[in-house]
Amino acid sequence: AGNPIVPLGGFVHIYSAFSVSMELCTFSDMRVSYPALSSKTQRGLLLYLSAGSVRWTNVEMYDCQANLGPGNYEGGYAYVKETDGAVYLDDFSLSNLTVVTGFIDVGGLLTVESYSGGAISLRNGNLIGGVASQGGALRIRGDPTGTVFAYTVGLVQGASCGSSAEILEGCGVHVSNTLSAALNGVVVRDMEHEFSAAGRHAAVFYKAVGSVIMDNCTMSNLNFTGGVDGDPMTGGVVLEGVGDAQIISNTFEWVHGQQGGAIGAFDVGSLDVAASRFIACTAESGAGLHAAVEASDIRVDQDTSFENCTGAPGGATISVLHVGGGSASLTLQDTVFAGNDAVESATVLVTYVPEGSDDSTTVSLANVRFDSCEGDYMLYLNGVNGLDLDTVFVTDARGGVSAIYAHMRTYPESTDGVVSIVNTRVVGPASDLAV
């Protein structure tokens, strides 16, 4: 395949079929070279499939190499597209695939696209390595009118974004333009990258998705640095333009980012983080969670814990920025903060930006513990007009000004600015003021 006539699929090219089924197929020790491309786009360096429905069972790729000339390369080594049916990929593995020269723009190893609103299902996959500007390991793009994802990818490891000047999103997995997406039982680990371009970056990136469910997933040993000063960047998961998201029973460990170490949420309708653990995550702001929202309801509950997370000077463990455009709320329930370090900041920080707006910002804590945390504040609220504390315990708060600080606002005029504090205890050696 030294000079393919059609720049789609170096070894296998199936186009416009009614259906395609591949079973027990292996691609190994293959070499493919492409000349310089002009205006054409290369998709699927080894494999290109386009059909009404596509099904894989036990497909494997390893020890393959692509030598790319200048051009716009998309779709990585395998590109799968359905036009009016569904895609089912079961028991697949893509690893040790190497690009010698050139650059893959989107989808380093595997790209799956849907144009009809059919289902895309990925199961028991291993995606190891891979470099691209979007989706270093896996890129999924759907139809916003009805595509539903329900997939389980066993392992995404060692993937990264390239050094392209383009905006970089989703080092490992990039999911966009779908009605819903469900990620279950995925292990994302061992990624390190220094970004040089502006934009939002993450190991897993959801963009323009109606609803997201992410459960029983593990993210570990992710270290992302760089980026243009002032641009939000996260290390674990980014949600952008998502209607509602549920992050349930996940573990984030040793995840390092910039604004939002483990989770970054931007323009999200609702976010529920439940029964999850955040261990030794770090960031400049929001080591566990950073959210910049307009009208949004954010909940952290069901025995979620933040343990030994660290923010840079001025960085909180949970940071919520309400930029207006609607009412927003933060609810923490059955949550523990233990041993976190929010230098010159607060363990939980909520800030309302606009002045004189009719938007409301409310904060509620119920059965929440702060144990041996360090920072100027355990809870710092600026510009909220509703605060409810019920069974909140602060023990061994270290350093700082006061354990709980709330700067209330009375507008909109229809809001009384109610503050309720019930069954709450602050035990030193703490600060100058408890509340």
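Visitor: Before we get going, what does buried mean here?
Guide: Buried means under 20% relative accessible area. And keep in mind that this is a predicted model.

Visitor: OK, take Asp359. Buried or exposed?
Guide: Asp359 is buried, because its relative accessible area is 13% and the cut-off is under 20%.

Visitor: Where does Asp359 sit in the chain?
Guide: In the loop between strand E31 (341-352) and strand E32 (361-371).

Visitor: What does the side chain of Asp359 have a polar contact with?
Guide: The side chain of Tyr352, in a polar contact of 3.5 Å. There's also a backbone group to look at: the nitrogen of Gly326 lies 3.2 Å from a polar atom of the Asp359 side chain.

Visitor: Switching topic. How many cavities of 30 Å³ or more are there?
Guide: The count comes to 1. The volume of the largest cavity is about 60 Å³.

Visitor: Which elements give two or more residues to its lining?
Guide: Strand E26 (296-301), strand E29 (318-322), strand E30 (328-338) and E32. Among the lining residues are Ser296, Ile298, Val320, His322, Ala328, Leu330, Thr361 and Val363.

Visitor: And by class, what is in the lining of the largest cavity?
Guide: 7 nonpolar and 5 polar residues, with no charged ones.

Visitor: Now the sheet with E3, E5 and E8. In what order do the strands come?
Guide: The order is E3-E5-E8, in an open sheet with parallel pairing.

Visitor: Which strands stand at the edges?
Guide: Strand E3 (41-43) and strand E8 (104-106). Each has a single partner strand, so one side of each is left without a neighbour in the sheet.

Visitor: Over how many bridges do E5 and E8 pair?
Guide: Over 2 bridges, in the parallel sense, with E5 covering residues 72-74.

Visitor: What about E11, which strands does it pair with?
Guide: One of them is strand E9 (residues 110-114), which pairs with strand E11 (residues 138-141) in the parallel sense over 4 bridges. Another is strand E14 (residues 173-184), also parallel to E11 and over 4 bridges.

Visitor: Which residue in E11 stands opposite Thr111?
Guide: Arg139. On the E14 side, Leu138 has Val173 as its bridge partner.

Technical notes
Residues numbered from 1 in each chain as written. Predicted model: local features only at pLDDT ≥ 70, side-chain atom pairs only at ≥ 80, totals over all residues. Heavy atoms only, no water. Pairing = 2+ DSSP bridges. Buried < 20%, exposed > 50% of the residue type's maximum accessible area, 1.4 Å probe, protein only. Polar contact = N/O pair within 3.5 Å; in protein donor to acceptor, adjacent residues only side chain to side chain. 1 Å grid on protein atoms, 1.4 Å probe; cavity = no way out; pocket = protein on both sides within 12 Å on 5 of 7 lines; lining within 4 Å. Points joined across faces, edges and corners; volume = space filled by probe spheres on them. Nonpolar A, V, L, I, M, F, W, Y, C, P; charged D, E, K, R; others polar.
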